[in-house]
Amino acid sequence: MKTVFPINYDLKFEPDFYKFKFKGREKITIQTKTTRQIVLNSAELEIKDCQILVNKKTIRPKVRLDAKNEKLVLSLPERISGKAVLSIDFEGTLNDKLVGFYRSKYEYKGKEKLLATTQFEAADARRVFPCWDEPEAKATFDVTLAVDSNLTAISNMPVKSKKKIGKKTIFKFAQSPIMSTYLLYLGVGEFEFLEGRLGKTQIRIITTKGKKMLGKASLEFTKQFLSYFQDYFGIKYPLPKLDMIAIPDFASGAMENWGAITFRETVLLYDPKTSSTETKQHIAEVISHEIAHQWFGNLVTMKWWNDLWLNESFATFMATKAVDKFYPEWDFWDQFLISEMTGGLSLDSLKTSHPIDVKVKSPSDVRQIFDEISYNKGGCVLMMLEDFLGEKNFRVGLHNYLLKHKYSNAKGEDLWNSLASVSRKPVRQMMNSWVRQVGYPLIEATVKDSKIRLQQKRFLLENEKSKNGNWIIPISVKTGNNLVSKLMTKSITISVDSKFGWFKINSGQKGFYRVKYDNESLERLGELVQEKTLSNVDRWSLQHDLFALCISNQISLKKYLEFVKCYIEEDDYLVLADIVSNLNFIHGLLSKERFGEEIKEYNKEFFRRIFERLGWEQKKGEKPTDALLRNSVISSLGKLDDDEILEDSKKRFSSFLKAGSLNPDLRSAVYSLVAWSGDKKTYQLLRKMYKKAPTQEEKIRFLGALSNFQDTKLLSQSLQFTLSKEVRSQNLFVPISKMIANPYGKELIWPWIKKNWNKIVVRFGVGNPVLNRIIGTMAIESNIKKEQEVKCFFKKHKTPGTEMKIAQTLERIRINSNFLKTVQQEFST
């Protein structure tokens, strides 16, 4: 039972950029029930002094730090109760691990500079000040930062006063609203500000010196999306300012600190001359996601981390809504299917997946669930729920929920109750079947006498271990212009009008499930794909489900490739991007098989047709998504050794070296293909260009290209370079992820991980998300011996916070191995 509750934190910090330390002093106003012990969270802090003022009396507790459990235990000489003030003086490290209060390096006019910034989610506020570091322990915060006079300080609220004392400037900030510790922000550095307003809200894009003008697009996005969410939720943004801060070193993409959102530079800064269409769209999506959090997560916060998905799923789903509202030409709901639906279905088809609402005991548990279940699957389930309830009911239910729980905490049940009271539908029962149960259904459809029989079971890629599951599924069946909607439990039979001769289940792909048709129905649907009678989304979902059935050995590869021929005349981005990705995956697994050349030629022919329509140059009136597809297809063709594409890439690169002009949408493909057919001289040139690249976006392109050579000696140099000081920690994953997909570099990755694992763990710290990303690269392997090696290695090198990712990676290797065996048998007959 909790006996102590924080009311207010009065925090003072003084960072030292020379010693990489910070001093801190806090006064926490607390409310206590009768107790002789106070237990807070604290990690990696040195406690200098501690006292408690209660009833005008000062008492000194006995202080004990429990490092293993990250606890600060204060034993009191007598019982206390009621209101008290806990004062603690402490010191900590300005670390370089991208968590807690950390330092970030960058260059300005040839000089190395430092800034200090914070990253507290999920449980790293405790590394900066002793606190009750859990979502439900909400309090207000008064922050003071004493910094060198050449520096500026930022926190969640506006500056209340600024005073120069000696060589220091003291920044005092206005009191924050009541909020969770993980949302607090501290920033210190030489910043530039690009300012704007939306009504009474001040908006600032904050960058290191010389970069503020790259924030123009983001300033516009911020105004648009902030306005949208205020209107959609029917609740004003409650803080007087909103800062969008570009940080040179940042572990994830962005963080929704209330009123002071932090971003990687590549996710906030847009250069019209060198940034790609993909970058612009990604910036818009991430800004929208983080602004949505200002309501979902910040104003109303989950009670405990098991409901993390309430934060992340809503931000994912709502971000797409907002971007689509302002930029319908980007086809963002189609892109939602490519990224969110694909990612969610993929991870949740593993038996090592987890429910959306998952048991969380420790911080290392929390860090593992920032994944495609909490973000992608959750967002897709919300899309399904909105479709089931109707847009108006969904919106009113959200408004009521936010209003009822603002400045407080809530559980998933609270949201279901709010939506149910508006819609009068069985929301709780239906949603519990989706959020408390791991996996999703495969619906098997069979037809007899104009009746469709639908049955469900859990879909697993390791198909022989498939288990029964039971979901309450909003089913839609389309025949011609008719759409039948039903709520399905175990199984259902639906009568259809036989005159149309076809039916499509999950039309519009609002439901989070896959469908398996009988052969006759699938053949008819293939004809409709060729005729383009079906919508682009329905054409996508047919092929997407078929590919999953192929990888899980429920249909043959030849059958899948035969069905893909129905898409010969396809011109839609959603459909083609997925097919290109799937064919590349198949070729990657099978390229060294004796029938690998057959697969290569199949892919080449399919990709060529797409390229001949798109060409190298942007066409007048083409969709923005064509730019995304063009880059992907050119890159794919080049790596299939298409001589014309490789020659053209060299010419364009040569022209770029002379004139400095190259379409940003083509740069990653061109750089990679120049490397693919390049030698040692090319390698040295690309390394040089990496060093000189003016933006992080351009650096990442060159870094990726360095992993695309065919010479293993050069690739080994790239891996060595990855761990040098010239590559930011946050970008370590880029070359590894590219090289594992390179048939010439694939075999270098696992030995490199084994050799450098201890060094990487020390560099990043236990629990850093980068560790899981590195482990996850091995999921592309298909050699069952590697599965055993990986398992044995991590048994000896236990790394907390990676257990789930290791299990998922091992399962994917087994899936690939089983698929490979099946295909070998298939092609041997």
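## A hairpin and its sheet

Let's start with a turn: β14 and β15 make a hairpin with two residues between them, and glycine 199 in that turn has a positive phi of about 60 degrees. Strands here are DSSP runs of E with at least two residues, helices are runs of H or I with at least four, and both are numbered from the N terminus. A quick word on the model: it is predicted, so local features need pLDDT of at least 70 and side-chain atom pairs count only at pLDDT 80 or more, while totals for chains, interfaces and linings use all residues. Residues are numbered from 1 along each chain as its sequence is written, and side-chain values use heavy atoms, with hydrogens and water left out.

Strand β14 (residues 191-198) and strand β15 (residues 201-208) run antiparallel, joined by eight bridges; two strands count as paired if DSSP finds at least two bridges between them. On its other pairing, β15 runs parallel to strand β16 (residues 241-247), with five bridges.

Put together, the order β14-β15-β16-β18-β17 gives an open sheet of five strands with mixed pairing. β14 and β17 (254-255) stand at the edges with a single partner strand each, so one side of each has no neighbour in the sheet.

## The nonpolar core

Which residues touch the most other members of the largest nonpolar core? They are Ile38, Leu86, Phe129, Leu385, Leu557 and Tyr560, out of 277 residues in that core. Helix α13 (residues 573-590) gives the most to this core, with eleven residues. A nonpolar core is a set of buried Ala, Val, Leu, Ile, Met, Phe, Trp, Tyr and Cys residues joined through side-chain atoms within 4.5 Å.

Beyond its neighbours within four places in sequence, leucine 557 is in contact (heavy atoms within 4.5 Å) with residues including Ile586, Leu590, Phe819 and Phe827.

## Buried or exposed?

Buried means under 20% relative accessible area, exposed means over 50%, and partly exposed is in between (1.4 Å probe, protein chains only). Glutamine 509 sits in the loop between β26 (504-505) and β27 (514-517), and at 1% relative accessibility it counts as buried. Leaving aside neighbours within four places in sequence, its contacts include Leu337, Met383 and Trp540.

Asparagine 376, in helix α6 (residues 373-389), is also buried, with a relative accessible area of 10%. A polar atom of its side chain lies 3.3 Å from the backbone oxygen of serine 339. For contrast, serine 661 lies in the loop between α16 (643-659) and α17 (664-676) and counts as exposed, at 51% relative accessibility.

On a 1 Å grid over the protein atoms alone, a cavity is a set of points where a 1.4 Å probe fits but cannot get out; a pocket is an open set with protein on both sides within 12 Å along at least five of seven lines, and lining residues have an atom within 4 Å of a point. The structure holds one cavity of 30 Å³ or more. About 40 Å³ of space lies in the largest cavity, and its lining includes Phe141, Met157 and Leu184.

The second largest pocket has a volume of about 1,100 Å³. Of its 33 lining residues, Lys105, Tyr106, Asp249, Lys725 and Arg728 are the closest to its centre. β7 gives the most to this lining, with six residues.

Technical notes:
A polar contact is a pair of N or O atoms within 3.5 Å; within protein, one must be able to donate a hydrogen and the other to accept it, and residues adjacent in sequence count only if both atoms are side-chain atoms. Grid points are joined across faces, edges and corners, and a volume is the space filled by probe spheres set on the points.
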